[in-house]
Amino acid sequence: PIYLATRSAEGKAEEEISREDLSMVARVTESKILGISMGIVGTGSILWGLFARTDDFGGLAARYSSLIELLSIDRVGSSFLVDLAIFALFQGWLINDDVKRRGMESDSMLSNAAKYIPFYGLVAYLSFRSELPVSESER
């Protein structure tokens, strides 16, 4: 996600982009480990929210009613859901741009999953996307 947000200017999309063209932060986010670690943390958070500490917080029904009550009175929690929806809308646009920069097929199953499946689609895309080419000077 950081790479997608800090990518180079739009005009650069027609030219081939190499890793050398990226900033240091963008180079770090090129690692396949980023997608895998996002998936592990996200899945762990979901599992923790659903199943951990049932003796203190009750079962699924009690947690669900607590969540609904919290969202009905807490503007910060509600605005977080709005933020998630806005990011889901922009995720497809960012993926299209990255696919174009990498010279990938825009209608591939991987790019479609990244565009239309929130969070786990992005995890899959970051884990399995093609690598940027290495420039002659980096070899």
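**A guided tour of the helical model**

Begin by selecting Ala52, which sits in the loop between helix H3 (32-51) and helix H4 (54-57). The model in view is a predicted one. Is Ala52 buried or exposed? Ala52 counts as buried because its relative accessible area is 14%, and the cut-off for burial is under 20%. Next, display the partners of Ala52: once its neighbours within four places in sequence are set aside, the residue is in contact with Leu47 and Arg63.

Select Ile46, Leu47, Leu50, Phe51, Leu60, Tyr116, Ile117, Phe119 and Tyr120, which form a nonpolar patch on the surface. Together these residues have about 880 Å² of accessible area. Which helix supplies the largest share of the nonpolar patch? That share, four residues, comes from H3.

Now centre the view on Leu60, one of the patch residues. Leu60 lies in helix H5 (residues 60-73). With a relative accessible area of 46%, Leu60 is partly exposed, whereas Ala52 is buried.

Finally, return to the whole chain in a cartoon view. The protein contains eight helices and zero strands, giving the pattern α-α-α-α-α-α-α-α along the sequence. Of its 139 residues, 29% count as buried. If contacts with a separation of 6 or more are considered, 66% of them are between residues 24 or more positions apart.

How values were computed. Residues numbered from 1 in each chain as written. Predicted model: local features only at pLDDT ≥ 70, side-chain atom pairs only at ≥ 80, totals over all residues. Heavy atoms only, no water. Helix = DSSP H or I, 4+ residues; strand = E, 2+ residues; numbered from the N terminus. Buried < 20%, exposed > 50% of the residue type's maximum accessible area, 1.4 Å probe, protein only. Contact = heavy atoms within 4.5 Å. Patch = residues over 30% accessible without salt bridge, like charges linked within 9 Å, V, L, I, M, F, W, Y side chains within 5 Å. Areas by Shrake-Rupley, 256 points an atom, 1.4 Å probe, with all protein chains shown as cover. Salt bridge = Lys/Arg side-chain N within 4 Å of Asp/Glu carboxyl O.
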